[in-house]
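The structure is shown first, and the discussion follows.

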Amino acid sequence: AAVLTPIFRSPMSDPTPPLAANATLDPPIPVVLVRPRRPRYWIHAVLLLLTIFTTLVVGAGMEFTFQNDFPAFTADEDAWVPFFPLAWVLLHPARLLLGIPFSFSLLLILLAHEMGHYVYCVRYNVRASLPYFVPFPSLIGTMGAFIRIRGAIRSRAALFDIGIAGPLAGFAVALPMVFLGLRLSKFLPAMPPADIELGYPLIFQLAHHLLSAASGTSTQLASISLHPIAIAAWVGMFATALNLLPGGQLDGGHLIYAVAPRAHRWVTILMVGILLPLGDLWRGWYVWSFVLLLTGWRHPEVPPWPTLDRNRRLLALGALLLLLLCITPVPIRTPGLFR
């Protein structure tokens with residue numbers, strides 16, 4: 001995700017008529033030069049190392065359950081491994097090596113997404129931070145990553161390119177991992193019940209159909225034990241879908257503002273109206289509705305002219321298609337928690 005820091009114009013920034021040749025300024029207007037804050041690279045490095053550790057811990061548990069034919073997210077006593085198996089890993093630190101496939105795949109997808117934003121910030125001379133990774137002892141070991149954009153974006157084309165570069169880069173890395181992860185996954189006719197089940201977006205269903213057709217087999221996704229790489233790819237696709245939600249200051253919101261600035265607020269409200277009923281299916285949509293409302297009332301100003309060219313408007317439709325491929329109405333089900 002790209003977090004834009006609003007830059008507000010003061011009355012002194014408005015153009016004023018030129019002074020006469022013999023005019024003087026009384027009192028003189030002081031000129032203050034503000035030096036950009038020096039980047040603190042150590043913060044990025046520490047957060048990255050912590051996120052590597054937390055995702056290795058989660059990935060180790062996933063790999064263990066996968067090798068022993070259990071669902072990835074299960075609290076079954078026979079599986080031995082809890083959702084965040086820190087104590088289990090610390091007991092034998094070599095188990096961290098089991099988490100490499102998941103950790104590497106997930107962090108590569110997140111890094112590609114954020115570097116997509118960052119590279120285009122550099123291209124347009126927009127001051128931005130390097131990615132901040134967020135370690136968190138959760139089901140996937142992280143809360144994602146983000147960059148902070150502190151400089152002004154000087155055109156709608158720049159805003160559009162910066163906004164769309166992240167989802168496109170993340171999707172490009174996650175797509176081959178979908179195929180690789182599904183190819184490495186196992187078909188289990190008698191799948192043990194899971195406490196948390198994943199809902200599969202259209203891109204997963206298409207990839208599974210193509211792989212099944214190529215191998216001449218016919219299986220259901222529900223009967224497959226996902227390899228940790230496939231789970232990392234699922235997380236990457238879900239993150240892409242969330243970032244492309246059209247509204248607020250998500251990547252999709254930046255794209256809407258670049259295409260039609262006046263429509264940004266109304267599209268945000270419409271998106272909230274769509275997500276709220278979906279909250280009955282998955283309560284997480286309530287959270288994202290709140291996020292859109294919280295960030296959707298004011299977007300950092302971008303010059304209205306020139307408008308976007310035809311190619312970028314067509315690419316905006318491509319972003320909508322990407323959203324439809326990656327999103328699912330019920331991304332997470334928890335039947336096991338209510339048995």
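In this predicted model, helix 6 passes helix 10 in a left-handed crossing. The axes of helix 6 and helix 10 lie 8 Å apart, and the two helices pack at an angle of about 135°. Helix 6 is therefore oblique to helix 10, since an angle has to be over 145 degrees to count as roughly antiparallel. From helix 6, the contact draws on Met-237, Phe-238, Thr-240 and Ala-241, while helix 10 supplies Leu-322, Leu-323 and Cys-326. By class, the contact of helix 6 with helix 10 has 6 nonpolar residues, 1 polar residue and no charged residues.

The crossing of helix 4 and helix 7 is left-handed. On the helix 4 side, the residues involved are Arg-156, Leu-159, Phe-160, Gly-163, Ile-164 and Pro-167; on the helix 7 side they are Asp-251, His-254, Leu-255, Tyr-257, Ala-258 and Val-259. The residues of this contact divide into 8 nonpolar, 2 polar and 2 charged.

Helix 7 is largely enclosed by the rest of the structure, because 7 of its 9 residues are buried. The buried residues in helix 7 are Asp-251, Gly-252, Gly-253, His-254, Leu-255, Tyr-257 and Ala-258. His-299 is found in the loop between helix 9 (284–295) and helix 10 (310–326). His-299 counts as buried because its relative accessibility is 7%, and the cut-off for buried is under 20%.

The loop between helix 9 and helix 10 also holds Pro-306. The peptide bond from Trp-305 to Pro-306 is cis, with omega near 0°. Most peptide bonds are trans.

His-227 is found between strand 6 (224–225) and helix 6 (228–243), and His-227 counts as buried at 9% relative accessibility. Which residues does His-227 touch, not counting residues up to four places away in sequence? They are Glu-63, Phe-66, Pro-101, Gly-181, Leu-184 and Ser-185.

Loop residues with other accessibility classes occur elsewhere in the chain. Arg-40 lies in the loop between strand 1 (2–4) and helix 1 (41–67). At 46% relative accessibility, Arg-40 counts as partly exposed. Arg-40 and Leu-130 are 90 residues apart in sequence, and their C-alpha to C-alpha distance in space is 9.7 Å.

Most residues other than glycine have a negative phi. Asp-69, in contrast, has a positive phi near 65°; Asp-69 is placed in the loop between helix 1 and helix 2 (86–91). Asn-125 likewise has a positive phi, near 55°, and its place is in the loop between helix 3 (100–123) and strand 2 (132–135).

| Residue | Relative accessibility | Class |
|---|---|---|
| His-227 | 9% | buried |
| His-299 | 7% | buried |
| Arg-40 | 46% | partly exposed |
| Asp-69 | 33% | partly exposed |
| Asn-125 | 63% | exposed |

Finally, some values apply to the chain as a whole. The chain has 10 helices and 7 strands. Of its 339 residues, 44% count as buried. The accessible surface of the chain comes to about 18600 Å², and carbon and sulfur atoms account for 68% of that surface. Among contacts between residues at least 6 apart in sequence, 78% join residues at least 24 apart.

Technical notes: Residues numbered from 1 in each chain as written. Predicted model: local features only at pLDDT ≥ 70, side-chain atom pairs only at ≥ 80, totals over all residues. Heavy atoms only, no water. Helix = DSSP H or I, 4+ residues; strand = E, 2+ residues; numbered from the N terminus. Buried < 20%, exposed > 50% of the residue type's maximum accessible area, 1.4 Å probe, protein only. Contact = heavy atoms within 4.5 Å. Areas by Shrake-Rupley, 256 points an atom, 1.4 Å probe, with all protein chains shown as cover. Left-handed = near helix turned anticlockwise from the far one by under 90°. Nonpolar A, V, L, I, M, F, W, Y, C, P; charged D, E, K, R; others polar. Axes fitted to C-alpha atoms, helices over the stretch in contact; angles between N-to-C directions. Parallel < 35°, antiparallel > 145°, perpendicular 65-115°, else oblique.
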